[in-house]
Amino acid sequence: MTLHIYNTMSRKSEPFVPLTPGKVNMYVCGPTVYDYIHIGNARPLIFFDVVRRYLEYLGYSVNFIVNFTDVDDKMIRKAEQLGSTVPEIAETYIGAYVEDRDSLGAKAPTVTPRVTDTMPEIIAFVADLVDKGLAYESGGDVYFRTGRFPDYGKLSHKNLDELQYGIRVEVDKRKENPQDFVLWKGAKPGEIYWPSPWGDGRPGWHIECSAMALRYAGETLDIHGGGQDLQFPHHECEIAQSESLTGKPLARYWMHNGFLNIDNEKMSKSLGNGVKVREILKRTSAQAIRYLMLSAHYRNPLNYSDEIVRQAENSVERLANCRDNLKHRLAAVAKDMPAVPAEDDAEITARLEALKQEFEARMNDDFGTPDAITVWFKLVSEANAYLQRPVARENVLRELLDRMAEMDGVLGLLPPEAEAELPDEEIDALIAERAEARRSRNFARADEIRDLLAERGILLEDTPQGIRWKRK
Ligand code: AMP
Ligand code: ZN
């Protein structure tokens with residue numbers, strides 16, 4: 001089976017065919033950078049990282065765009081609260097987000113555009129909508145004329161009447177229609193602003209994604225993703241703006257992750273700092289967090305609790321132990337391996353190939369990470385059984401490690417390997433350099449070398465015959 005993706009638009013699993021063969025343009029709505037991210041935000045961060053990694057595994061070249069919302073109402077409020085400025089708040093929390101993203105083992109996206117760096121494109125986009133009669137200026141704001149886009153509601157499967165009912169007609173005199181949404185907001189006194197044809201102001205929330213997708217990917221994305229809360233109104237508004245302007249679909253596949261709950265309860269503001277990713281990472285490994293996020297299918301709700309974290313730690317430890325045992329065994333057998341293949345090498349290779357195919361089949365079924373993890377554990381059983389044998393063979397150990405590295409390349413559940421041991425020659429060379437440093441009375445360098453060796457587990461001993469070393 002080729003890769004199939006459940007498309008929120010059609011509500012069906014569809015074979016994945018990108019617009020341009022071999023290339024994928026993928027856009028995921030990113031954070032508003034006014035606070036540290038919480039464990040719920042880590043779900044789309046980790047899941048869409050895996051989507052990107054798997055597409056690369058399949059051989060696609062992926063242009064992965066994640067925006068930073070670095071100006072909006074929440075940013076302005078936070079700056080007021082702290083007596084700071086919007087750009088300062090943005091700098092702080094973009095830095096924190098990047099640190100958290102790296103700590104969680106998510107690869108950096110290809111582009112991470114900021115709203116404040118996309119102002120000319122945003123203003124041009126809004127101006128085009130106004131020129132076409134799809135948007136109107138009113139009291140310094142600009143609104144999208146929702147009635148001009150008959151497909152409004154097609155993603156969230158709501159119709160205009162339902163939406164109208166939902167809004168309960170908050171009367172806003174500036175709007176022609178209650179469902180019209182803001183593209184450009186006139187600045188209130190004291191607020192950060194950019195000059196525009198409609199006066200000083202800043203963009204509404206939805207327009208940035210339409211403008212950035214157009215700038216960094218073109219008229220049609222292959223995949224557009226985000227949390228399920230973004231389907232309406234955010235993605236619906238992106239579709240209205242983009243599609244009414246270009247006449248093309250904004251995205252071929254719409255993907256939405258389900259929500260993470262804590263102890264089976266919806267996350268709420270009162271949870272405070274304890275649920276911030278950086279706090280959790282002080283007591284939990286990044287691999288366990290990734291495991292936990294990937295152990296439920298991305299469209300299902302996911303529960304987070306201390307017990308589930310503990311189980312996740314155990315599971316990733318089993319994966320890591322297996323890798324480490326294979327590596328140790330490999331180091332021991334490499335030198336005296338018989339050259340002729342053993343009788344069942346081909347059988348093992350065939351079984352490992354079958355596991356690789358099974359792993360791909362699970363991932364091809366709408367990124368079925370829980371089942372893909374189960375396949376990884378089958379590989380662990382295969383490896384553990386092999387390690388029981390009195391004679392292990394280099395080629396088989398390498399195959400086991402390669403299959404494991406392939407799965408890890410997609411899911412990222414193994415901790416980085418401990419540093420390799422220093423080879424004997426390198427140790428001898430460092431000791432010679434240290435002796436020379438002492439002779440020339442460069443004691444600082446001599447001490448530095450001693451420390452460096454100690455860090456790598458090498459102990460030095462002064463003897464009448466000269467320096468001797470041993471591994472700890
Ligand atoms: P926000 O902080 O609300 O701007 O959200 C940033 C991203 O995290 C969006 O894609 C949200 O859909 C997603 N998100 C927020 N809370 C959760 C949660 N509890 N579970 C899963 N995703 C979430
Ligand atoms: Zn967006």
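Q: Leaving aside neighbours within four places in sequence, which residues is Thr 118 in contact with?
A: Pro 113, Met 212 and Arg 215, where contact means heavy atoms within 4.5 Å. Before we go on: this is a predicted model, so local features need pLDDT of at least 70 and side-chain atom pairs count only at pLDDT 80 or more, while totals for chains, interfaces and linings use all residues. Residues are numbered from 1 along each chain as its sequence is written, chains are lettered from A and ligands numbered from 1 in the order in which they are written, and side-chain values use heavy atoms, with hydrogens and water left out.

Q: OK. Where is Thr 118 found, and is Thr 118 buried or exposed?
A: Thr 118 sits in the loop between helix 3 (86-103) and helix 4. Helices (H or I, at least four residues) and strands (E, at least two) are DSSP runs, numbered from the N terminus. Thr 118 is buried, at a relative accessible area of 0%. Buried means under 20%, exposed over 50%, and partly exposed in between, with a 1.4 Å probe and protein chains only.

Q: What about strand 6 to strand 7, how many bridges?
A: Three, and the two strands run antiparallel. Phe 144 stands opposite Phe 181 in strand 7. Both faces of strand 6 are covered: Asp 141 and Tyr 143 are buried on one side, Val 142 and Phe 144 on the other.

Q: And at the strand 8 end, which residue is the bridge partner of Gly 186?
A: Gly 201, in strand 8. Strand 7 (residues 181-186) and strand 8 are joined by three bridges and run antiparallel.

Q: Switching topic: what coordinates the zinc ion (ligand 2)?
A: Cys 29 (SG), Cys 209 (SG), His 234 (NE2) and Glu 238 (OE), at 2.0 to 2.2 Å. Donors are N, O and S atoms within 2.8 Å of the metal (3.2 Å for Na, K and Ca), and sites may look incomplete because water is not among the atoms.

Q: Why is the arrangement irregular?
A: The four donor atoms subtend angles of 79 to 128 degrees, and that makes the arrangement around the zinc ion (ligand 2) irregular. Four donors count as tetrahedral if all angles lie between 85 and 135 degrees; four count as square planar and six as octahedral if opposite donors are over 155 degrees apart and all others between 65 and 115; anything else is irregular.

Q: Where do Cys 29 and Cys 209 lie?
A: Cys 29 is in the loop between strand 3 (23-28) and helix 1 (42-57), and Cys 209 is in helix 6 (residues 207-217), so the pair ties together parts 180 residues apart in sequence. Cys 29 is buried at 14% relative accessible area, and Cys 209 is buried at 1%.

Q: Last one: how do the strands pair in the open sheet with the order 4-3-9-10?
A: That sheet of four strands has parallel pairing. Strand 4 (61-66) and strand 10 (251-257) stand at the edges with a single partner strand each, so one side of each is left without a neighbour in the sheet. Strand 3 and strand 4 pair over six bridges, and Asn 25 has Asn 63 in strand 4 as its bridge partner.

Conventions:
Two strands pair if DSSP finds at least two bridges between them.
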